[in-house]
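I opened the notebook for a friendly walk through this chain. Below is what I looked up, entry by entry.

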Amino acid sequence: MPRRKTRTTAASLRAPLLLAAATLALFLSGEALLLLRSDSGQIALMRVLGLGDPNRVTQIVSRELRQAMRAIGVPDDSLRVSVAESAPAVVWRMGFPAEASLLRANYILTHFVEQHGARVLSGREREGPEGETVVTLVVGLPRHPTHRVVLVRAPPPVGDERAAAPRLAIVLYGFGDDTRLAAEFFALPAPFAVALAPGGKASAALFRDAHARGREVVLHLPLEPINYPQVDPGPGTVLVTMPPARIAALVHRYIEQARPVIAVANHMGSLATQDMTVMKAVYHQLRRSGLPFVHVNPAAGAVCRDLAADLGVAYNEPDAMIDSEARLADPKALDQRWSRLIADARGRERTVVWLRATPLTLRWLAPALQGKRLAGVSLAPLSALIRKPTVL
């Protein structure tokens with residue numbers, strides 16, 4: 001008799017448990033269906049599995065682009081929408097006045113697009129036939145680009161002296177993990193780009209603060225130097241002993257951490273830049289990301305220039321590096337070097353100068369970039385002066 005009672009009790013409990021399990025499964029199925037029908041769910045479904053409604057995904061991205069337009073301050077009559085024969089089929093062309101910041105517009109647009117899981121897949125900047133600045137962005141999902149967004153900034157007015165002036169771009173580097181010094185630099189009322197290294201404790205904060213201040217960012221990629229580790233670029237260094245797949249994955253991770261970036265430069269790397277296997281892996285990732293390479297202090301046996309030409313990577317070198325003069329306590333040597341550089345820049349169409357960030361540089365920089373000290377040389381964003389990939 002007791003055994004029969006146990007069987008009866010178990011049987012009586014089985015039905016409610018099955019009913020509860022079925023109810024839970026039905027609830028979860030409903031929630032999953034609602035999620036998949038949401039904007040974020042549609043984007044995730046298309047991104048991960050390549051499934052879903054392509055037209056719905058395009059509409060979602062269009063809505064985010066429209067919100068970005070309003071945040072940037074682009075009036076509706078400055079937008080032209082057309083349909084292209086090749087993907088992405090939807091083309092948005094936005095007009096901007098000559099004084100507008102395309103870097104700010106790009107940053108805001110990227111922020112809104114990423115809210116539901118889409119992204120800016122690639123970008124290119126060029127000068128138009130009438131002197132206008134044209135930035136072309138491909139937006140959407142990796143396997144489903146939805147929009148080609150073209151930002152067009154009008155050229156300076158006719159008669160504006162800046163239109164014909166030689167142009168100069170400044171890149172500050174050497175911040176390390178000093179977030180306090182970096183914050184003081186980022187807040188200066190002076191136009192310059194910053195080169196920031198990934199992999200450090202403060203790297204994420206530095207990238208975030210630089211973008212918040214509207215600074216153009218160069219990813220300062222740590223590469224193995226001769227006599228490593230006695231000479232050490234810092235944590236996360238790309239080593240010549242790493243397999244190519246690991247190098248490519250590391251570079252990809254750093255680019256994602258730093259986005260948006262306008263270029264990738266070597267931080268040290270006197271050994272790695274002479275290694276064909278290492279630089280091929282780096283370049284393949286740069287080509288996928290649509291980014292140019294800036295070669296700082298090239299080693300005599302470096303393979304970077306020729307390899308860039310072979311692989312179709314845009315290659316750059318700074319015109320000048322200011323290092324030892326910035327480490328001194330007295331600004332006299334820095335002033336003298338700067339005067340020589342400005343004199344040289346007046347005879348060139350464009351000049352790019354890398355300047356080490358130090359306490360002396362912090363006090364010296366803003367006055368040095370005033371009109372009289374520039375002697376007719378016009379300051380320009382780095383993105384306007386470096387060579388970029390010609391293919392999106």
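**Entry 1: strand 2 and strand 5**

I began with strand 2 (residues 90-96) and strand 5 (residues 144-153), which run parallel and are joined by seven bridges. Within this pair, I found Met 94 opposite Leu 151 of strand 5. For my own record, strands are DSSP runs of E with at least two residues, helices are runs of H or I with at least four residues, and both are numbered from the N terminus. Two strands count as paired if DSSP finds at least two bridges between them.

**Entry 2: ground rules**

I am working with a predicted model, in which local features need pLDDT of at least 70, side-chain atom pairs count only at pLDDT 80 or more, and totals for chains, interfaces and linings use all residues. Residues are numbered from 1 along each chain as its sequence is written, and side-chain values use heavy atoms, with hydrogens and water left out.

I noted an open sheet of five strands in the order 1-2-5-4-3, with mixed pairing. Its edge strands are strand 1 (79-83) and strand 3 (119-127), each of which pairs on one side only. From one strand to the next, the twist averages 20°; axes here are lines fitted to C-alpha atoms, for helices over the stretch in contact, and angles run from 0 to 180 degrees between N-to-C directions.

**Entry 3: the whole chain**

I then stepped back to the totals. The chain holds 12 helices and 14 strands. Of its 392 residues, 46% are buried (under 20% relative accessible area; exposed means over 50%, partly exposed in between, with a 1.4 Å probe and protein chains only). Among contacts with a separation of 6 or more, 64% are between residues 24 or more positions apart; a contact means heavy atoms within 4.5 Å. The chain exposes about 20300 Å², and carbon and sulfur atoms supply 55% of that area. Accessible areas come from the Shrake-Rupley method with a 1.4 Å probe, and for residues only the protein chains shown count as cover.

**Entry 4: helix 2 and its end**

Which residues of helix 2 (residues 39-49) are buried? I listed Asp 39, Gly 41, Gln 42, Ile 43, Leu 45 and Met 46. Val 48 also lies in helix 2, but Val 48 is exposed, with a relative accessible area of 55%. Together, Val 48, Leu 49 and Leu 51 make a nonpolar surface patch of about 300 Å². Patches take residues with over 30% relative accessible area and no salt bridge, joining like charges within 9 Å and nonpolar side chains (Val, Leu, Ile, Met, Phe, Trp, Tyr) within 5 Å. A salt bridge is a side-chain nitrogen of Lys or Arg within 4 Å of a carboxyl oxygen of Asp or Glu. After helix 2 comes Gly 50, with a positive phi near 70°.

**Entry 5: backbone exceptions**

Most residues other than glycine have a negative phi, and most peptide bonds are trans. I went looking for departures from this.

- The peptide bond from Tyr 228 to Pro 229 is cis, with omega near 10°, and Pro 229 sits in the loop between strand 8 (217-223) and helix 7 (244-258).
- Asn 227 is found in the loop between strand 8 and helix 7; its phi is positive, near 70°, and Asn 227 is exposed at 54% relative accessibility.
- Arg 259 and Pro 260 are joined by a cis peptide bond with omega about -5°, and Pro 260 lies in the loop between helix 7 and strand 9 (263-268).
- Asn 297 has a positive phi near 50° and lies in the loop between strand 10 (293-294) and helix 9 (304-311); Asn 297 is exposed, at 58% relative accessible area.
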